[in-house]
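Please keep the sequence and the 3D view at hand while going through them.

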Amino acid sequence: MRKILSPIGFALGLPIVLIVIWYVATLGATNPFVPKPVELVQEFGAVWFGDRFVGDVVPSLWRFAAGTTIAIVLGIVLGIAVGLNRGLRAFTEPVFEFFRALPPPVLIPILALVLGRTDGMRISVIVLGAVWPVLLNTIEGVRATDSVQTETSRSYGIRGWNRVRFQVIPSAMPQIIAGVRQSLPVGIILMVISEMLYATAGLGYSITQFQRQFAVPEMWSGILMLGLIGYAVSMLFKLVESRVLRWYHGLKDLENAS
Amino acid sequence: MITRTRITTVGVIAAAGLLLASCSSGSPSGGSEGGAAEGGAGTEELTPITVGLLTIAPAAAVQYGVDQGIFEEHGIDLTVETAQGGAAMLPSVSTGAYDFGVGNPLSVLTAATQDIDMRIVSGYSFSLEEGDDINAVVTRTEDGIESWSDLEGLTVATNAIKTQGDLTINEAVELDGGDPSSVEYVEIPFPDALPQLEAGNADAVWIPEPFLSQALADPDTYSVLGYPNQAALPGVPTMVTFSSGAVVDGEPEKLELWREALAATLDAANEDREGYNATIESFTGMPAEVVEGIGLERLTADLDPQVITDLSAMAAKWGFIESEPDLDVVIAP
């Protein structure tokens, strides 16, 4: 029993402490712009579990999922290609550094001119921001492949796709996963920003509308929603990570134990 | 040895730089201190007031008043803060960080219905009742959209949804016998509106100056469908000045000072179009040739409460506010 309860206690401890501080600090607050926890929770249910769930939350989540998936796949594929080829790396690196420094939100008006006010435009914004951590980490991961492993592969005649599949990807995987971890919150942020302009639905759109209408508790409930989505995404990520990198964590545990 | 010399050199240069910097910043501030001292007795009596402005052309009139010393003459030491948008300014006024704000009246009414103690304290800038108004709905000439009811089923861009743009357009479409509920509104920032209209991301855009002048200059591409303010609420205020209940009820002297100084400022700006234009240039960063060409709102601190009453009724009718606020309180006497 204790074994189950103590991790739960640790996980919930800090949030509970923070909420209690928040509750006490806002007990006497009369400023209508200050959110209060009880009010916020009541609004949260009323605002998001109804028409808005299908109308705003689902489309946002879909764009986020599509955008980050494309970013991750694109980042890994390009990253492996560039990481394996020294010439390609020298050729592309300056360009990557240039595009990486461009903030995707400033590209929204331009993308809207080219792609229109479509999901494609919003997904492109997400991809343009979320691809970099995956891409650059993959390149580094592939470059850092152990030379003894590479020599061994070569002497056993493992080459081409087989070498990528059984040597390069597994050895780069810890860094690829680190890149994915960084790209997820970027994806969520850009999902919100891409819906703040040229939009008629979505989480970002709703939050700006609430803000303009001075519907303060509703606005904060939207921000709470974003936080919960972020939390859920990171939990999902941890699950995937523990599967994909099981061998790696096992290896580390062994190294630490010895 | 070499390193040591180098460090010393760097130190000397840095010290010289500091010295220069302190000199250069010292002289102008010293000068202004001298200027304030000349004011002598007046300096002590000035009431400090902070006002929030948007960096748009009509708001420059307040800056004009500061530059011309009108606020000082009226016993006000005015601090101008610029805000990014009306919705961002309101909380600052509500909490007392700003004493007054200059913004659109509909936001103030909306805030008031959400139990935020906001009061409209004076007029500021008004839409023109006849002739060429200062904002308009613009369409592509090739589409041949001719009347408000033609907007049925089309996409119209405004800078923000549920504000004055879509409110007056709804009313204009209905008055023309159309069905406003079939109009889809989309948010596009003013500077992007015309390019997005040309790209087909909207069928009509609601734009103020200076973008309106830009559209009028190219009649082959853009045509003006109409002026929604004139169709729905002729002479509606585009901006008013507002304050919190704390100032209106608790500091009536401050309110009185502000109203007098603002009235004098706006009158002066109306009289001196050239000087006002120069302030618009420096305040908004718009080039001189643009400023000269744009149409300007009617500026006056006088406010007919009836127009706010009408605006409030219209906002409630279209569901922009859930209920009408208590206008006897919101419009400060």
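1. Chain A contains eleven helices and zero strands.

2. The overall dimensions of chain A may be considered next. Its C-alpha trace spans about 75 × 60 × 30 Å along the principal axes. Of the 258 residues in the chain, 38% are buried. Among contacts between residues at least 6 apart in sequence, 74% join residues at least 24 apart.

3. The accessible surface comes to about 14,600 Å², and 69% of it belongs to carbon and sulfur atoms.

4. Which residues of chain A does the UniProt annotation "transmembrane region" cover? According to that unreviewed entry, they are residues 7-25, 61-84, 183-207 and 219-240. In the model, residues 7-25 of chain A are 100% helix and 0% strand, with end C-alpha atoms 28 Å apart. Residues 61-84 of chain A are likewise 100% helix and 0% strand, and there the end C-alpha atoms lie 34 Å apart.

5. The model scores ipTM 0.72 and pTM 0.77. Chain B has a mean pLDDT of 83, and 86% of its residues reach 70 or more. Among the elements of chain B, strand β5 (residues 135-140) has the highest mean pLDDT, 94, whereas helix α1 (residues 2-39) has the lowest, 43. Over residues 7-42 of chain B the pLDDT is below 50, and this stretch has one contact in the model beyond near neighbours in sequence. Where pLDDT is low, the predicted coordinates should not be read in detail.

6. Most residues other than glycine have a negative phi, and most peptide bonds are trans. A:Tyr198, in the loop between α8 (161-194) and α9 (203-212) of chain A, has a positive phi of about 55 degrees. A:Tyr198 counts as buried because its relative accessibility is 0%, below the 20% cut-off.

7. B:Lys162 has a positive phi of about 65 degrees although it is not a glycine; B:Lys162 lies in the loop between β6 (155-158) and α7 (164-175) of chain B and is partly exposed, at 36% relative accessible area. A cis peptide bond joins B:Glu209 and B:Pro210, with omega about 0 degrees. B:Pro210 is placed in the loop between β8 (204-208) and α9 (211-216) of chain B.

Key: Residues numbered from 1 in each chain as written. Chains lettered and ligands numbered in written order. Predicted model: local features only at pLDDT ≥ 70, side-chain atom pairs only at ≥ 80, totals over all residues. Heavy atoms only, no water. UniProt positions renumbered as here; feature names shortened; annotations may be inferred. Helix = DSSP H or I, 4+ residues; strand = E, 2+ residues; numbered from the N terminus. Buried < 20%, exposed > 50% of the residue type's maximum accessible area, 1.4 Å probe, protein only. Contact = heavy atoms within 4.5 Å. Areas by Shrake-Rupley, 256 points an atom, 1.4 Å probe, with all protein chains shown as cover. pLDDT = per-residue confidence, 0-100.
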